[in-house]
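Student: I would like to go through the side-chain pairings in this model. Let us take them one at a time.

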Amino acid sequence: MVFKKLRQAMGIGGPSIETVLHDPNTTPGGVVTGEIAIIGGQFNSDIKAVNLALRTKVEVESGDNEYTSNLEYAKMPVAGGFSLQEGARHSIPFQFPIPWEAPLTHMYGRPLHGTTVGIATELEVTGAVDPGDLDPIAVHPLPAQERILAAFSNLGFQFRNADCEKGRIWGVHQELPFYQEIEFYPPGHYARGIKQLEVTFVSYPQSMEVVLELDKRGGVFTEGHDAFSRFTVDYATVEHTNWEQQLDGFLREAGRRRGFF
């Protein structure tokens with residue numbers, strides 16, 4: 001279990017809240033379970049609602065500017081409409097479903113620099129809302145995502161950074177209002193045409209879309225530009241494909257279309 005210190009939710013004398021996650025490790029489409037304890041303060045409180053919410057940081061483009069924002073992208077009510085007596089303890093077990101499109105926080109067994117995901121416990125009492133602190137969770141790749149990422153590693157791509165971008169990818173069905181980009185440095189035999197590779201997974205229960213963005217190196221008199229490739233991976237048959245060979249083909253075809261190679 002992962003224990004969190006008791007937090008004073010509504011100021012001095014108000015109720016306190018404690019959230020315990022049974023296991024912070026999960027995958028897209030998985031479930032995080034735990035228990036919320038609300039302890040009454042120095043007076044009786046009318047609890048209007050207790051909610052859980054997933055939050056992450058996203059990059060937002062606005063005109064020529066870009067800024068980082070905290071985005072709440074999944075929310076679930078777990079309790080509400082009860083009276084909490086002075087000093088009383090009220091426990092609420094929960095099961096929080098993780099969206100299939102949730103960004104990854106780990107890759108190759110290590111934290112993925114640039115992406116964090118947390119569960120916030122929000123407590124609403126009469127006349128006030130406490131937005132809650134974040135309990136970090138670790139979102140690990142699905143087996144199909146792990147296989148694709150391993151193939152890129154086997155081809156010589158090295159992880160650079162990851163972030164989440166607010167917006168939607170053209171032609172791809174998304175439930176969430178943002179997507180994650182995992183950036184790689186290319187190996188030498190790709191480097192003459194590609195400055196970096198950005199990989200995005202948009203996952204569903206039976207399959208996932210993989211979007212590749214190739215950032216072309218600009219020449220002395222030309223600006224760099226991007227090329228895209230997109231393909232579908234079926235979870236049931238993912239192990240029947242030579243993904244190193246397949247990805248090399250996707251990259252070279254996308255590059256040839258844009259004159260990279």
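Student: Which residues are linked in a network of salt bridges?

Tutor: This is a predicted model. Start from one of its pairs: Arg55 and Glu122 form a salt bridge, with the closest N and O atoms 3.1 Å apart. The linked residues are Arg55, Glu72, Lys75 and Glu122.

Student: How many residues apart in sequence are Arg55 and Glu122?

Tutor: Arg55 sits in strand β5 (residues 45-62), and Glu122 in strand β11 (residues 117-125). The pair therefore ties together parts of the chain whose separation in sequence is 67 residues.

Student: Are Arg55 and Glu122 buried or exposed?

Tutor: The cut-off for buried is under 20% relative accessible area. By that rule, Arg55 and Glu122 are both buried.

Student: Is Arg89, the salt-bridge partner of Glu18, buried or exposed?

Tutor: The closest N and O atoms of Glu18 and Arg89 are 3.4 Å apart. Glu18 lies in strand β2 and Arg89 in strand β8, 71 residues apart. Glu18 is buried, at 18% relative accessible area. Arg89 has 53%, so Arg89 is exposed.

Student: Which strand holds Glu183, the residue that meets Arg160 in a salt bridge?

Tutor: The N to O distance of this pair is 2.3 Å. Arg160 counts as partly exposed, at 37% relative accessibility, whereas Glu183 counts as buried, at 7%. Arg160 lies in strand β14 (residues 158-166), 23 residues apart in sequence from Glu183, which is in strand β15.

Student: Now the rings. What class of aromatic pair do Phe231 and Trp243 form?

Tutor: Planes under 30 degrees apart count as stacked. Here the angle is 25°, with 5.7 Å centre to centre. Phe231 is in strand β18 and Trp243 in helix α3. The pair is stacked.

Student: Why is the pair of Phe231 and Phe250 stacked?

Tutor: The ring centres are 4.4 Å apart. Phe231 is buried, with a relative accessible area of 6%, while Phe250 is partly exposed, at 22%. The pair is stacked because the planes lie at 15°.

Student: Which residues form one aromatic cluster?

Tutor: The count of aromatic pairs comes to seven. The one cluster is formed by Phe152, Phe157, Phe159, Phe184 and Tyr190.

How values were computed: Residues are numbered from 1 along each chain as its sequence is written. This is a predicted model: local features need pLDDT of at least 70, side-chain atom pairs count only at pLDDT 80 or more; totals for chains, interfaces and linings use all residues. Side-chain values use heavy atoms; hydrogens and water are left out. Rings of Phe, Tyr and Trp (its six-membered ring) pair if their centres lie within 6.5 Å; planes under 30 degrees apart count as stacked, over 60 as edge-to-face and the rest as tilted. Helices (H or I, at least four residues) and strands (E, at least two) are DSSP runs, numbered from the N terminus. Buried means under 20% relative accessible area, exposed over 50%, partly exposed in between (1.4 Å probe, protein chains only). A salt bridge is a side-chain nitrogen of Lys or Arg within 4 Å of a carboxyl oxygen of Asp or Glu.
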